[in-house]
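Please take a moment with the sequence and the model below before reading on.

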Amino acid sequence: MNTVFVILTVLIVIAAILLIIAVLLQNGKADGMVSNFVAGNQTFGVRQTADLLEKVTWGLVAFILVVSVITSFTTGTNGADIDITDKIENTTTSDTPAFPASPIQENPNN
């Protein structure tokens, strides 16, 4: 396997784990218990933390997207692609397995 492909794949997995953590750390938008502390949170700097978490989230999403596209180009076409059209077109009847016929059931009304 290509080492660049492995490194990029590991980076994508790490970024995905960090993205999960960033999303779980964010506050919900619902009117739950968080709505009681909105005014207090903005005075103590929690709002800047929420903005930072949102920027980190979007940055990780963009990173995963870009690195995924780059990873798809690093695989290349070095013979790893399998063309099965030749196998499909040149299939002979002797290659197909013979399935047993179902037994003939007698009429139960007799």
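This is a predicted model: local features need pLDDT of at least 70, side-chain atom pairs count only at pLDDT 80 or more; totals for chains, interfaces and linings use all residues.

Residues are numbered from 1 along each chain as its sequence is written, and side-chain values use heavy atoms, with hydrogens and water left out.

The protein has four helices and zero strands, where helices (H or I, at least four residues) and strands (E, at least two) are DSSP runs, numbered from the N terminus. Read from the N terminus, the order of elements is α-α-α-α. Contact here means heavy atoms within 4.5 Å, and of the contacts between residues at least 6 apart in sequence, 94% join residues at least 24 apart. Of the 110 residues, 10% count as buried, a class that means under 20% relative accessible area, with exposed over 50% and partly exposed in between (1.4 Å probe, protein chains only).

The largest nonpolar core consists of seven residues, namely Leu-8, Ile-12, Ala-15, Leu-19, Leu-60, Ile-64 and Val-67; such a core is a set of buried Ala, Val, Leu, Ile, Met, Phe, Trp, Tyr and Cys residues joined through side-chain atoms within 4.5 Å. Helix 1 (3–25) and helix 3 each supply at least two residues of this core, and the largest share, four residues, comes from helix 1. Leaving aside residues up to four places away in sequence, Leu-60 touches Ala-15, Leu-18 and Leu-19.

Thr-57 lies in helix 3 (residues 46–75). Not counting residues up to four places away in sequence, Thr-57 touches Leu-19, Ala-22, Val-23 and Gln-26. The side chains of Thr-57 and Gln-26 are also joined by a polar contact of 2.6 Å, that is, a pair of N or O atoms within 3.5 Å, of which, within protein, one must be able to donate a hydrogen and the other to accept it, and for which residues adjacent in sequence count only if both atoms are side-chain atoms. Why is Thr-57 classed as buried? Thr-57 counts as buried because its relative accessible area is 12%.

The accessible surface of the protein comes to about 9600 Å², of which 66% belongs to carbon and sulfur atoms; accessible areas come from the Shrake-Rupley method with a 1.4 Å probe, and for residues only the protein chains shown count as cover.
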